[in-house]
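Let's take a walk through a protein together, one stop at a time.

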Amino acid sequence: MNTPIHVNLIATNEHERDNLAKVMAHVIELAKVPTVEAIAVMPDACPAGQAPGTIPVGAVAKTGNAIHPGMHSADVCCSMALTNYGKVDPAAVLNAASASTHFGAGGRWPDRQLPVPTAIIRLMASNTFLRDLIPDARAHFATQGDGNHFLYVGKLESTGDTVVVTHHGSRKPGAMLYKLGLEAANAFVKSLGVIVPAHNAWLDFNTAAGREYWDALQIIRQWTRASHFAIHDQIGEKIGVLDYNDRFWNEHNFVFRRDGSFYHAKGATPSFAGFAGDDFGKTLIPMNCAEPILIAEHADAPNGLGFAPHGAGRNFSRKQHLSTLSGMDASQIILDEVGDLDIRAFNGVPDLSELPSAYKSAAAVQEQIASFGLAKIVDRVLPHGSIMAGEQPWRSKRKK
(Lines give C-alpha, C1' and ligand atoms only; values in the text may rest on other atoms or scores of the structure.)
Protein backbone atom coordinates (compact mmCIF):
# COMPACT_ATOMS: atom_id res chain seq x y z
CA MET A 1 0.00 0.00 0.00
CA ASN A 2 1.56 3.28 -1.15
CA THR A 3 -1.29 5.67 -0.35
CA PRO A 4 0.07 8.62 1.68
CA ILE A 5 -1.62 8.95 5.08
CA HIS A 6 -1.06 12.22 6.95
CA VAL A 7 -1.88 11.94 10.66
CA ASN A 8 -2.44 15.33 12.30
CA LEU A 9 -3.47 14.00 15.69
CA ILE A 10 -1.42 13.54 18.84
CA ALA A 11 -2.88 11.12 21.40
CA THR A 12 -1.99 12.29 24.90
CA ASN A 13 -3.82 9.81 27.12
CA GLU A 14 -5.15 6.25 27.15
CA HIS A 15 -8.59 7.18 25.81
CA GLU A 16 -7.14 9.16 22.93
CA ARG A 17 -4.68 6.40 22.09
CA ASP A 18 -7.56 3.94 21.93
CA ASN A 19 -9.55 6.36 19.75
CA LEU A 20 -6.59 6.90 17.41
CA ALA A 21 -6.02 3.16 17.05
CA LYS A 22 -9.64 2.68 16.00
CA VAL A 23 -9.38 5.60 13.56
CA MET A 24 -6.23 4.19 11.99
CA ALA A 25 -7.76 0.73 11.61
CA HIS A 26 -10.45 2.29 9.41
CA VAL A 27 -7.97 4.52 7.57
CA ILE A 28 -5.70 1.60 6.65
CA GLU A 29 -8.67 -0.23 5.13
CA LEU A 30 -9.86 2.95 3.40
CA ALA A 31 -6.45 3.36 1.79
CA LYS A 32 -6.98 0.03 0.00
CA VAL A 33 -9.89 1.42 -2.05
CA PRO A 34 -8.43 1.71 -5.58
CA THR A 35 -9.57 5.29 -6.18
CA VAL A 36 -8.04 6.74 -3.00
CA GLU A 37 -4.81 8.68 -3.59
CA ALA A 38 -4.16 10.26 -0.17
CA ILE A 39 -5.74 10.57 3.27
CA ALA A 40 -5.45 13.17 6.02
CA VAL A 41 -6.52 12.61 9.63
CA MET A 42 -7.53 15.70 11.63
CA PRO A 43 -7.01 16.38 15.38
CA ASP A 44 -10.74 15.82 16.00
CA ALA A 45 -10.88 12.42 14.26
CA CYS A 46 -13.07 9.64 15.65
CA PRO A 47 -14.53 6.44 14.16
CA ALA A 48 -17.89 6.66 12.36
CA GLY A 49 -19.45 3.23 12.19
CA GLN A 50 -18.40 -0.39 12.50
CA ALA A 51 -17.93 -1.37 8.85
CA PRO A 52 -14.19 -1.64 8.06
CA GLY A 53 -12.83 1.19 5.95
CA THR A 54 -15.55 3.69 6.84
CA ILE A 55 -14.00 7.14 6.54
CA PRO A 56 -13.69 8.55 10.08
CA VAL A 57 -15.27 11.80 11.16
CA GLY A 58 -12.40 14.26 10.92
CA ALA A 59 -10.74 12.83 7.83
CA VAL A 60 -10.17 13.74 4.18
CA ALA A 61 -9.79 11.32 1.27
CA LYS A 62 -8.39 12.50 -2.07
CA THR A 63 -9.45 10.65 -5.22
CA GLY A 64 -9.02 11.07 -8.98
CA ASN A 65 -12.22 11.15 -11.05
CA ALA A 66 -14.19 9.25 -8.40
CA ILE A 67 -16.97 10.72 -6.26
CA HIS A 68 -17.80 8.56 -3.22
CA PRO A 69 -21.22 9.33 -1.67
CA GLY A 70 -20.30 7.26 1.41
CA MET A 71 -17.37 9.57 2.12
CA HIS A 72 -19.45 12.71 2.63
CA SER A 73 -22.06 10.80 4.68
CA ALA A 74 -25.85 11.17 4.81
CA ASP A 75 -25.54 14.57 6.48
CA VAL A 76 -24.51 16.13 3.17
CA CYS A 77 -23.12 19.65 3.41
CA CYS A 78 -23.26 19.81 7.18
CA SER A 79 -22.00 23.34 7.65
CA MET A 80 -21.46 26.44 9.76
CA ALA A 81 -22.84 29.92 9.05
CA LEU A 82 -22.30 33.27 10.80
CA THR A 83 -24.18 36.56 10.67
CA ASN A 84 -22.95 39.67 12.50
CA TYR A 85 -25.80 41.90 13.76
CA GLY A 86 -23.57 44.59 15.28
CA LYS A 87 -23.97 46.11 18.74
CA VAL A 88 -27.17 44.42 19.88
CA ASP A 89 -28.12 42.60 23.07
CA PRO A 90 -27.16 38.90 22.78
CA ALA A 91 -30.00 37.92 25.11
CA ALA A 92 -32.51 39.52 22.73
CA VAL A 93 -30.87 37.73 19.82
CA LEU A 94 -31.08 34.35 21.57
CA ASN A 95 -34.76 34.92 22.36
CA ALA A 96 -35.41 35.81 18.73
CA ALA A 97 -33.47 32.75 17.65
CA SER A 98 -35.61 30.48 19.84
CA ALA A 99 -38.69 31.79 18.00
CA SER A 100 -37.06 31.52 14.55
CA THR A 101 -35.26 28.18 14.35
CA HIS A 102 -36.65 24.65 14.33
CA PHE A 103 -35.02 21.49 15.70
CA GLY A 104 -36.19 17.90 15.64
CA ALA A 105 -36.36 14.90 13.34
CA GLY A 106 -39.08 16.22 11.00
CA GLY A 107 -39.71 19.35 9.00
CA ARG A 108 -41.70 22.46 9.83
CA TRP A 109 -45.47 22.44 10.02
CA PRO A 110 -46.96 23.81 6.78
CA ASP A 111 -48.03 27.08 8.41
CA ARG A 112 -44.48 27.70 9.64
CA GLN A 113 -42.58 26.81 6.49
CA LEU A 114 -40.32 29.43 4.94
CA PRO A 115 -40.11 29.78 1.16
CA VAL A 116 -37.25 28.05 -0.65
CA PRO A 117 -35.72 30.36 -3.30
CA THR A 118 -37.44 29.73 -6.63
CA ALA A 119 -34.13 29.42 -8.46
CA ILE A 120 -33.13 26.49 -6.23
CA ILE A 121 -36.44 24.69 -6.76
CA ARG A 122 -35.99 25.15 -10.51
CA LEU A 123 -32.52 23.61 -10.35
CA MET A 124 -33.77 20.68 -8.29
CA ALA A 125 -36.54 20.02 -10.82
CA SER A 126 -33.94 19.74 -13.59
CA ASN A 127 -31.80 17.14 -11.79
CA THR A 128 -32.76 13.46 -11.83
CA PHE A 129 -31.34 12.86 -8.34
CA LEU A 130 -33.29 15.77 -6.83
CA ARG A 131 -36.50 16.27 -8.79
CA ASP A 132 -38.59 14.00 -6.54
CA LEU A 133 -37.21 15.59 -3.36
CA ILE A 134 -38.81 19.03 -3.75
CA PRO A 135 -41.60 18.41 -1.17
CA ASP A 136 -38.92 17.44 1.37
CA ALA A 137 -36.86 20.49 0.40
CA ARG A 138 -39.84 22.72 1.21
CA ALA A 139 -40.71 21.01 4.51
CA HIS A 140 -37.16 20.82 5.88
CA PHE A 141 -35.98 24.26 4.78
CA ALA A 142 -34.68 26.38 7.70
CA THR A 143 -34.66 23.40 10.08
CA GLN A 144 -31.66 22.16 12.05
CA GLY A 145 -32.40 18.54 12.92
CA ASP A 146 -30.89 16.99 16.04
CA GLY A 147 -27.62 15.38 17.15
CA ASN A 148 -24.80 17.88 17.49
CA HIS A 149 -26.46 20.62 15.42
CA PHE A 150 -26.87 23.94 17.20
CA LEU A 151 -27.63 27.65 17.10
CA TYR A 152 -25.03 29.67 19.04
CA VAL A 153 -25.14 33.32 20.07
CA GLY A 154 -22.03 35.17 21.18
CA LYS A 155 -19.83 38.23 20.78
CA LEU A 156 -16.79 38.66 18.58
CA GLU A 157 -13.68 38.91 20.71
CA SER A 158 -12.26 41.55 18.34
CA THR A 159 -15.19 44.00 18.20
CA GLY A 160 -17.84 42.98 20.73
CA ASP A 161 -20.39 42.63 17.93
CA THR A 162 -23.15 40.10 18.54
CA VAL A 163 -23.27 37.21 16.08
CA VAL A 164 -25.31 34.09 15.43
CA VAL A 165 -23.64 30.88 14.30
CA THR A 166 -25.73 27.95 13.06
CA HIS A 167 -24.68 24.36 12.47
CA HIS A 168 -26.77 22.00 10.33
CA GLY A 169 -26.76 20.19 7.01
CA SER A 170 -29.11 19.51 4.12
CA ARG A 171 -31.60 17.56 6.23
CA LYS A 172 -33.93 15.06 4.52
CA PRO A 173 -33.22 16.20 0.93
CA GLY A 174 -29.51 15.62 1.51
CA ALA A 175 -30.07 12.28 3.23
CA MET A 176 -32.17 11.08 0.30
CA LEU A 177 -29.60 12.36 -2.19
CA TYR A 178 -26.94 10.37 -0.33
CA LYS A 179 -29.09 7.22 -0.50
CA LEU A 180 -29.73 7.62 -4.23
CA GLY A 181 -26.07 8.41 -4.88
CA LEU A 182 -24.87 5.37 -2.96
CA GLU A 183 -27.26 3.14 -4.92
CA ALA A 184 -26.01 4.57 -8.21
CA ALA A 185 -22.39 4.22 -7.07
CA ASN A 186 -22.82 0.55 -6.19
CA ALA A 187 -24.50 -0.12 -9.54
CA PHE A 188 -21.57 1.54 -11.32
CA VAL A 189 -18.91 -0.38 -9.39
CA LYS A 190 -20.78 -3.63 -9.99
CA SER A 191 -20.75 -2.89 -13.74
CA LEU A 192 -16.95 -2.64 -13.52
CA GLY A 193 -16.67 -6.00 -11.80
CA VAL A 194 -14.81 -4.38 -8.90
CA ILE A 195 -15.40 -5.61 -5.36
CA VAL A 196 -15.33 -2.97 -2.63
CA PRO A 197 -17.44 -2.48 0.52
CA ALA A 198 -20.81 -0.98 -0.38
CA HIS A 199 -20.11 2.18 1.62
CA ASN A 200 -16.96 2.84 -0.45
CA ALA A 201 -18.51 2.54 -3.93
CA TRP A 202 -18.04 5.46 -6.30
CA LEU A 203 -19.32 7.27 -9.37
CA ASP A 204 -16.94 8.21 -12.18
CA PHE A 205 -17.09 11.94 -12.87
CA ASN A 206 -16.55 11.19 -16.57
CA THR A 207 -19.93 9.44 -16.75
CA ALA A 208 -23.30 11.15 -17.11
CA ALA A 209 -24.42 9.85 -13.70
CA GLY A 210 -21.21 11.07 -12.07
CA ARG A 211 -21.59 14.58 -13.47
CA GLU A 212 -25.26 14.75 -12.55
CA TYR A 213 -24.49 13.65 -9.00
CA TRP A 214 -21.83 16.35 -8.80
CA ASP A 215 -24.39 18.89 -10.02
CA ALA A 216 -26.86 17.62 -7.40
CA LEU A 217 -24.28 18.20 -4.67
CA GLN A 218 -23.83 21.80 -5.81
CA ILE A 219 -27.59 22.38 -5.81
CA ILE A 220 -28.03 20.88 -2.36
CA ARG A 221 -25.16 23.11 -1.24
CA GLN A 222 -27.12 26.17 -2.41
CA TRP A 223 -30.19 24.89 -0.57
CA THR A 224 -28.24 24.43 2.66
CA ARG A 225 -26.65 27.87 2.49
CA ALA A 226 -30.07 29.45 1.93
CA SER A 227 -31.48 27.36 4.80
CA HIS A 228 -28.91 28.77 7.25
CA PHE A 229 -29.41 32.37 6.25
CA ALA A 230 -33.22 32.10 6.18
CA ILE A 231 -33.00 31.41 9.93
CA HIS A 232 -30.56 34.28 10.39
CA ASP A 233 -32.82 36.65 8.44
CA GLN A 234 -35.81 35.68 10.60
CA ILE A 235 -33.77 36.58 13.68
CA GLY A 236 -32.74 39.90 12.11
CA GLU A 237 -36.36 40.78 11.40
CA LYS A 238 -37.38 40.01 14.99
CA ILE A 239 -34.64 42.21 16.49
CA GLY A 240 -35.07 44.95 13.89
CA VAL A 241 -31.66 44.54 12.24
CA LEU A 242 -32.06 44.16 8.48
CA ASP A 243 -28.51 45.07 7.45
CA TYR A 244 -25.81 42.80 8.81
CA ASN A 245 -22.14 43.71 9.30
CA ASP A 246 -20.73 40.43 8.00
CA ARG A 247 -21.88 37.03 6.82
CA PHE A 248 -20.01 33.91 5.73
CA TRP A 249 -20.26 30.14 5.91
CA ASN A 250 -18.42 26.90 5.19
CA GLU A 251 -19.30 23.23 4.88
CA HIS A 252 -17.45 20.30 6.45
CA ASN A 253 -19.30 17.21 5.11
CA PHE A 254 -18.81 17.64 1.40
CA VAL A 255 -16.79 16.87 -1.71
CA PHE A 256 -14.51 19.57 -3.06
CA ARG A 257 -12.81 19.70 -6.46
CA ARG A 258 -9.28 21.03 -6.75
CA ASP A 259 -6.75 20.72 -9.56
CA GLY A 260 -8.73 17.91 -11.18
CA SER A 261 -8.99 15.80 -8.02
CA PHE A 262 -11.86 15.30 -5.59
CA TYR A 263 -11.42 15.81 -1.85
CA HIS A 264 -13.97 14.05 0.34
CA ALA A 265 -14.15 15.86 3.67
CA LYS A 266 -16.12 14.12 6.38
CA GLY A 267 -16.02 16.41 9.37
CA ALA A 268 -13.14 18.45 7.97
CA THR A 269 -13.16 22.17 7.17
CA PRO A 270 -11.68 23.48 3.92
CA SER A 271 -8.63 25.66 4.52
CA PHE A 272 -7.54 26.60 1.01
CA ALA A 273 -8.41 29.64 -1.10
CA GLY A 274 -11.23 29.19 -3.56
CA PHE A 275 -12.67 26.00 -2.04
CA ALA A 276 -15.99 27.32 -3.40
CA GLY A 277 -17.22 30.26 -5.41
CA ASP A 278 -18.45 31.98 -2.24
CA ASP A 279 -15.24 31.49 -0.26
CA PHE A 280 -14.81 34.56 1.98
CA GLY A 281 -11.34 33.52 3.13
CA LYS A 282 -12.68 32.67 6.59
CA THR A 283 -14.09 29.50 8.13
CA LEU A 284 -15.70 28.54 11.43
CA ILE A 285 -14.45 25.83 13.80
CA PRO A 286 -16.62 25.20 16.89
CA MET A 287 -15.42 23.40 20.02
CA ASN A 288 -18.39 22.88 22.38
CA CYS A 289 -21.29 24.92 23.78
CA ALA A 290 -19.19 26.44 26.58
CA GLU A 291 -16.14 27.33 24.49
CA PRO A 292 -15.52 30.07 21.90
CA ILE A 293 -16.05 29.29 18.23
CA LEU A 294 -12.83 29.83 16.26
CA ILE A 295 -12.73 32.01 13.16
CA ALA A 296 -9.89 30.87 10.92
CA GLU A 297 -8.13 32.00 7.77
CA HIS A 298 -6.79 29.47 5.27
CA ALA A 299 -3.44 27.78 5.85
CA ASP A 300 -3.52 25.20 3.01
CA ALA A 301 -1.25 22.79 4.87
CA PRO A 302 -0.05 19.92 2.61
CA ASN A 303 -0.14 17.55 5.59
CA GLY A 304 -3.85 18.36 5.96
CA LEU A 305 -4.50 18.12 2.20
CA GLY A 306 -5.63 21.74 2.55
CA PHE A 307 -8.13 21.09 5.37
CA ALA A 308 -8.53 21.77 9.10
CA PRO A 309 -10.64 20.07 11.81
CA HIS A 310 -14.34 20.86 11.99
CA GLY A 311 -14.50 20.94 15.78
CA ALA A 312 -13.32 19.21 18.91
CA GLY A 313 -14.52 15.68 18.11
CA ARG A 314 -15.24 12.85 20.53
CA ASN A 315 -13.18 10.14 22.16
CA PHE A 316 -16.31 8.20 23.21
CA SER A 317 -19.67 7.35 21.70
CA ARG A 318 -22.75 9.07 23.10
CA LYS A 319 -23.71 5.87 24.92
CA GLN A 320 -20.27 5.55 26.49
CA HIS A 321 -20.28 9.15 27.64
CA LEU A 322 -23.76 8.94 29.14
CA SER A 323 -22.74 5.83 31.07
CA THR A 324 -20.15 7.92 32.93
CA LEU A 325 -22.94 10.25 34.13
CA SER A 326 -25.32 7.51 35.26
CA GLY A 327 -26.92 8.20 38.64
CA MET A 328 -25.78 11.84 38.76
CA ASP A 329 -28.13 14.81 39.03
CA ALA A 330 -28.66 16.23 35.52
CA SER A 331 -29.22 19.83 36.61
CA GLN A 332 -26.03 19.81 38.67
CA ILE A 333 -24.03 18.30 35.78
CA ILE A 334 -25.26 21.06 33.47
CA LEU A 335 -24.48 23.78 36.01
CA ASP A 336 -20.98 22.39 36.58
CA GLU A 337 -20.22 22.24 32.85
CA VAL A 338 -21.77 25.42 31.43
CA GLY A 339 -22.11 27.73 34.44
CA ASP A 340 -24.30 30.74 33.76
CA LEU A 341 -24.36 30.39 29.98
CA ASP A 342 -27.91 30.34 28.55
CA ILE A 343 -28.02 26.79 27.18
CA ARG A 344 -31.45 25.79 25.84
CA ALA A 345 -33.07 22.60 24.56
CA PHE A 346 -35.62 23.10 21.80
CA ASN A 347 -37.78 20.25 23.11
CA GLY A 348 -37.28 21.26 26.74
CA VAL A 349 -35.11 18.30 27.83
CA PRO A 350 -31.31 18.85 27.72
CA ASP A 351 -29.19 16.24 25.95
CA LEU A 352 -26.32 15.37 28.30
CA SER A 353 -24.44 13.66 25.47
CA GLU A 354 -23.79 17.12 23.99
CA LEU A 355 -22.22 18.71 27.06
CA PRO A 356 -18.57 19.86 26.90
CA SER A 357 -17.35 16.71 28.69
CA ALA A 358 -18.56 14.64 25.72
CA TYR A 359 -15.90 16.23 23.52
CA LYS A 360 -12.13 16.32 23.31
CA SER A 361 -10.21 19.04 25.09
CA ALA A 362 -10.79 22.30 23.22
CA ALA A 363 -7.37 23.57 24.28
CA ALA A 364 -5.62 20.43 23.01
CA VAL A 365 -7.39 20.57 19.64
CA GLN A 366 -6.45 24.23 19.22
CA GLU A 367 -2.84 23.45 20.12
CA GLN A 368 -2.76 20.75 17.45
CA ILE A 369 -4.33 23.05 14.85
CA ALA A 370 -1.40 25.38 15.50
CA SER A 371 1.33 22.74 15.76
CA PHE A 372 0.30 21.09 12.48
CA GLY A 373 -0.31 24.44 10.78
CA LEU A 374 -3.84 23.48 9.70
CA ALA A 375 -5.48 26.91 10.03
CA LYS A 376 -4.75 30.47 11.16
CA ILE A 377 -7.02 31.53 14.03
CA VAL A 378 -7.82 35.24 13.61
CA ASP A 379 -10.82 35.80 15.91
CA ARG A 380 -13.18 34.03 18.29
CA VAL A 381 -16.89 34.11 19.09
CA LEU A 382 -17.25 34.25 22.88
CA PRO A 383 -20.33 32.34 24.09
CA HIS A 384 -23.51 33.87 25.48
CA GLY A 385 -25.80 30.90 24.93
CA SER A 386 -27.03 28.31 22.48
CA ILE A 387 -29.91 26.10 21.40
CA MET A 388 -29.84 22.41 20.53
CA ALA A 389 -32.56 19.88 19.83
CA GLY A 390 -32.32 18.33 23.29
CA GLU A 391 -32.87 14.75 24.41
CA GLN A 392 -34.25 12.69 21.55
CA PRO A 393 -37.55 10.84 22.21
CA TRP A 394 -36.22 7.52 20.89
CA ARG A 395 -33.32 7.67 23.37
CA SER A 396 -35.66 8.43 26.29
CA LYS A 397 -37.87 5.48 25.34
CA ARG A 398 -34.83 3.20 25.16
CA LYS A 399 -33.76 4.26 28.67
CA LYS A 400 -37.24 3.52 30.05
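The buried residues of helix H3 are covered by, among others, helix H4 (134-139) and H6; the contacts behind this are heavy atoms within 4.5 Å. Helices here are DSSP runs of H or I with at least four residues, strands are runs of E with at least two, and both are numbered from the N terminus. Before going further, note that this is a predicted model, in which local features need pLDDT of at least 70 and side-chain atom pairs count only at pLDDT 80 or more, while totals for chains, interfaces and linings use all residues. Residues are numbered from 1 along each chain as its sequence is written, and side-chain values use heavy atoms, leaving out hydrogens and water.

So which residues of H3 (residues 118-125) are buried? They are Ile120, Ile121 and Met124. "Buried" means under 20% relative accessible area, "exposed" means over 50%, and "partly exposed" is in between, using a 1.4 Å probe and protein chains only. These three sit on the same side of H3, because they cover an arc of only 100° around the axis. That arc is taken from the directions from the helix axis to the C-beta atoms. Here's the handy rule: an α-helix has 3.6 residues a turn, so residues three or four places apart point the same way. Over on the other side of H3, you'll find Thr118 and Arg122 exposed.

Now hop over to helix H6 (residues 208-239) and look for Thr224. Thr224 counts as buried because its relative accessibility is 0%. Its side chain reaches the backbone oxygen of Ile220 at 2.8 Å. Leaving aside residues up to four places away in sequence, Thr224 touches Cys77, Ser79, His168, Gly169, Ser170 and Trp249.

How many cavities of 30 Å³ or more does a search of the whole structure find? It finds one. A cavity is a set of points on a 1 Å grid over the protein atoms alone where a 1.4 Å probe fits but cannot get out, and lining residues have an atom within 4 Å of a point. The volume of the largest cavity is about 70 Å³, counted as the space filled by probe spheres set on the points, with grid points joined across faces, edges and corners. Its lining includes Leu9, Glu16, Pro43 and Lys360. Helix H9 (residues 362-371) gives the most to that lining, with three residues.

Methods
A polar contact is a pair of N or O atoms within 3.5 Å; within protein, one must be able to donate a hydrogen and the other to accept it, and residues adjacent in sequence count only if both atoms are side-chain atoms. On a 1 Å grid over the protein atoms alone, a cavity is a set of points where a 1.4 Å probe fits but cannot get out, and a pocket is an open set with protein on both sides within 12 Å along at least five of seven lines; lining residues have an atom within 4 Å of a point.
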